[in-house]
Amino acid sequence: MQGSSTPAAPVAGHGAAHGQSNGIPEGILGHHFESLQQQNEAVRMGMWLFLATEILLFAGLFTAYAYYRFQFPDGFAQASRHVDLWAGTLNTFVLITSSLSVALAIHYARTDRRRLAVFCLAATLVMGLAFLGVKSLEYLHKFQEGALPGRYYHFEEVQEPGAPMYFTIYFLSTGLHAIHVIVGMTVLAVLMVKTARGRFSSRYYTGLELGGLYWHLVDLIWIFLYPLLYLI
Amino acid sequence: MAEHVSAPQAADPRHPSEAPEHHSAAPYVGVWIALLVLTAVTYYTGHAHLGFWALPLALTIATVKSTLVALFFMHLWEQRGPNRLVVIVSAMFVLLLIGITLTEAHQMVPEQSTSAIITWHPEASYYAVRTVASMP
């Protein structure tokens with residue numbers, strides 16, 4: 001595609017290869033890639049494949065959910081009336097807004113507005129913390145009520161069969177999701193420091209883009225968890 | 001780290017798929033507003049307990065929302081090619097996993113019953129089973 005030009009010796013007059021081999025921040029282009037363009041496409045593809053495995057990881061929990069919801073429709077409906085709907089709804093708004101701020105951070109980074117990008121990433125981290133805060137209040141409430149998974153279940157108000165299974169799936173799926181939120185926040189915090197140091201710009205922003213993809217996936221999973229757990 | 005790099009080149013020849021298609025942040029805000037509205041719709045329809053249609057409706061809205069996130073926030077709109085295929089194939093596998101499990105689990109109710117395909121012919125006899133009238 002790019003001929004035999006190497007990053008070290010760009011062929012003059014060769015449009016794409018020429019422009020990318022200059023102006024790339026040092027230490028970004030792997031020696032086994034012909035151009036930054038090629039590397040970007042490869043790493044994005046790799047990230048999407050990783051996200052596909054994440055989707056399938058959650059799909060196992062969604063399958064368990066589907067099976068038990070059809071097995072115990074009344075138990076699930078009863079139990080879902082006793083989760084904190086306000087908390088789920090608030091967290092949905094928080095997570096969607098944090099997705100926007102990540103998208104804006106990438107937009108600002110690739111249009112060379114570094115300070116705005118850092119600000120957007122910081123806002124995302126704050127919203128991630130808010131999400132976890134609301135989530136932990138919710139968990140605390142469940143612990144106090146005794147709406148716990150499996151045999152630890154001793155919630156007096158709902159004694160329908162299937163309700164303990166609902167709370168098992170509730171804790172497994174929201175717990176796994178919360179772990180993803182924490183991982184995503186860690187990744188974004190590192191990327192925020194790198195952005196502040198000028199690592200990402202219009203010349204190179206793929207690293208930031210990949211971190212953003214992970215955060216959007218976390219949002220995407222929650223978009224499905226919200227109606228399935230809170231609004232039966 | 002990268003401060004020593006030369007100033008941004010105005011005429012940076014990029015591959016068409018690399019160049020940002022839009023230079024304003026407005027599309028992102030538009031998508032965000034759409035997502036908020038759809039969340040509100042999910043909330044109100046979920047609260048109304050619509051019976052049978054509640055689940056299909058909630059899943060349809062969630063699918064629309066996640067498609068918006070994938071296309072615009074995750075840039076699949078401007079990245080044509082194999083990444084879209086990865087998303088579509090993984091969604092297909094999710095549907096297969098849930099679909100096969102559900103159809104298998106709820107094929108026979110109650111669980112221990114047996115299913116068979118029966119065809120009828122006047123001279124056919126099913127093992128030694130006779131009608132009550134034909135018995136001595």
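Me: How do α5(A) and α7(A) lie relative to each other, roughly parallel or roughly antiparallel?

Reply: This is a predicted model, to begin with. In it, α5(A) and α7(A) cross at roughly 30 degrees, which is under 35 degrees, and they are therefore roughly parallel to each other.

Me: Where are those two in the chain, and how close do their axes come?

Reply: Helix α5 covers residues 114-145 of chain A, and helix α7 covers residues 206-230 of chain A. Their axes come within 13 Å. The crossing of α5(A) past α7(A) is left-handed.

Me: Which residues make the contact?

Reply: From α5(A) there are A:L121, A:T124, A:G128, A:F131, A:K135 and A:E138. From α7(A) there are A:L208, A:W215, A:W222 and A:Y230. By class, this contact of α5(A) with α7(A) has six nonpolar, two polar and two charged residues.

Me: What about α7(A) and α2(B), roughly parallel or roughly antiparallel?

Reply: Their angle is about 170 degrees. That is over 145, so α7(A) and α2(B) are roughly antiparallel to each other. The axes of α7(A) and α2(B) are 9 Å apart.

Me: Which residues of α7(A) and α2(B) meet there?

Reply: α7(A) brings A:H216, A:D219, A:L220, A:I223, A:F224, A:P227 and A:L228. α2(B) brings B:L55, B:A58, B:L59, B:A62, B:T63, B:K65, B:S66, B:V69 and B:F73. The residues of this contact of α7(A) with α2(B) are 11 nonpolar, three polar and two charged.

Me: And α2(A) with α3(B), how do they cross, left-handed or right-handed?

Reply: α2(A) and α3(B) make a right-handed crossing. The angle is roughly 20 degrees, and the axes come within 9 Å. With that angle under 35 degrees, α2(A) and α3(B) are therefore roughly parallel to each other. Their contact has 20 nonpolar, five polar and one charged residues.

Me: Switching to pockets. How much space lies in the largest pocket?

Reply: About 980 Å³. Its lining has 36 residues. Nearest the centre of the largest pocket are A:F224, B:T63, B:A91, B:V94 and B:L95.

Me: Which elements give two or more residues to that lining?

Reply: On chain A, α2 (36-71) and α7 do. On chain B, α2 (54-73) and α3 (82-105) do. The lining of the largest pocket divides into 28 nonpolar, six polar and two charged residues.

Me: What volume does the second largest pocket have?

Reply: About 320 Å³. The second largest pocket is lined by 14 residues. A:R69, A:I232, B:G51, B:F52 and B:L55 lie nearest its centre.

Conventions:
Residues are numbered from 1 along each chain as its sequence is written. Chains are lettered from A and ligands numbered from 1 in the order in which they are written. This is a predicted model: local features need pLDDT of at least 70, side-chain atom pairs count only at pLDDT 80 or more; totals for chains, interfaces and linings use all residues. Side-chain values use heavy atoms; hydrogens and water are left out. Axes are lines fitted to C-alpha atoms, for helices over the stretch in contact, and angles run from 0 to 180 degrees between N-to-C directions. Helices (H or I, at least four residues) and strands (E, at least two) are DSSP runs, numbered from the N terminus. Angles under 35 degrees count as roughly parallel, over 145 as roughly antiparallel, 65 to 115 as roughly perpendicular and the rest as oblique. A crossing is left-handed if the near helix is turned anticlockwise from the far one by less than a right angle, and right-handed if clockwise. Contact means heavy atoms within 4.5 Å. Ala, Val, Leu, Ile, Met, Phe, Trp, Tyr, Cys and Pro count as nonpolar, Asp, Glu, Lys and Arg as charged, and the others, Gly among them, as polar. On a 1 Å grid over the protein atoms alone, a cavity is a set of points where a 1.4 Å probe fits but cannot get out, and a pocket is an open set with protein on both sides within 12 Å along at least five of seven lines; lining residues have an atom within 4 Å of a point. Grid points are joined across faces, edges and corners, and a volume is the space filled by probe spheres set on the points.
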